[in-house]
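Q: Could we go through this model together, starting with charged pairs and then moving on to the core and the surface?

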Amino acid sequence: MTLFPLFQHTRRHPSAILLMVQLMGMLLYPFIESTRAGLVVFNVFGVVVLGFTVTMVRRTPGQTWFSATVALAIIALLVLETWFGMGILLPWSSALEALFYFHAAYSLISYMMEDYQATTDELFAAGATFTLIAWGFTHVFIVMQTLQPGTFAAAVNAADARTWSELNYLSFALLSSTGIGDVIPLTPHARAVASVEMFCGLLYLAGVVSRLIGLTMQARPGK
């Protein structure tokens, strides 16, 4: 498949674009997270992800004005953090990003649950929603770690603050119920949030994904 037909195909399925952008971000960030230039690149990439997410929310029952307002606030805080060295704003920007991703996930779930047919775009939306929830909890973990250093530990350099990649890895492990791995929550509050994420993952797979799978397996009328 050439690039142009692929682009035309993904334009018909915006959820696929959002999913690909999110997966690209997770794969690229470990290469750039240790440098200031990498931080700038990732923040710009984050803005792109936010833009795609706002576009997705506009297609769903979610409130566009709310998503756009929160996205603009996040972008402003990221600019201040990156270009003016205002690291004190990190918990605020991460809290807003968590709110934004959770709202976007809720909107996409509403989009998938509003009819009784499983379209191709809704199947891509199922994957995109899963990553949105995982990213949302990642930013919750960042807020907790910033406010209470030593909230999380790992097998390597246990006393260091955990990176975004490490916390994102923990978030996906919890949400998919595959286990904690080598990054572990230490404080009671962190373990409580981790338990909530595991519950959300089970609820999402059992309630949303299983429903979509069931709809795809339904026999078509007249057959």
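A: A salt bridge here is a side-chain nitrogen of Lys or Arg within 4 Å of a carboxyl oxygen of Asp or Glu, and the structure holds 1 salt bridge. This is a predicted model, in which local features need pLDDT of at least 70 and side-chain atom pairs count only at pLDDT 80 or more, while totals for chains, interfaces and linings use all residues. Residues are numbered from 1 along each chain as its sequence is written, and side-chain values use heavy atoms, with hydrogens and water left out.

Q: Which side chains meet in the salt bridge?
A: The side chains of Glu166 and Arg162 do, at 3.0 Å from N to O.

Q: Is Arg162 buried or exposed?
A: Arg162 is buried, with a relative accessible area of 5%, whereas Glu166 is partly exposed at 22%; buried means under 20% relative accessible area, exposed over 50%, and partly exposed in between, with a 1.4 Å probe and protein chains only.

Q: And what does Ala161 touch?
A: Leaving out residues up to four places away in sequence, Ala161 touches Gln145 and Glu166, where contact means heavy atoms within 4.5 Å. Ala161 sits in the loop between E1 and H7, with helices (H or I, at least four residues) and strands (E, at least two) taken as DSSP runs numbered from the N terminus. Ala161 is exposed, at 57% relative accessibility, and its C-alpha atom is 7.4 Å from that of Gln145, 16 residues apart along the chain.

Q: Switching to the core: how many residues has the largest nonpolar one?
A: The largest nonpolar core has 49 residues, and Phe100 and Met112 have the most contacts inside it; such a core is a set of buried Ala, Val, Leu, Ile, Met, Phe, Trp, Tyr and Cys residues joined through side-chain atoms within 4.5 Å. Helix H6 gives the most to this core, with 12 residues.

Q: What does Met112 touch?
A: Not counting residues up to four places away in sequence, the residues that Met112 touches include Glu122, Thr129, Tyr204 and Arg211.

Q: Now Glu81, where does that one lie?
A: Glu81 lies in helix H4, residues 64-84, and is buried, with a relative accessible area of 15%. The Glu81 side chain makes a polar contact with the side chain of Ser93 at 2.5 Å; a polar contact is a pair of N or O atoms within 3.5 Å, and within protein one must be able to donate a hydrogen and the other to accept it, with residues adjacent in sequence counting only if both atoms are side-chain atoms.
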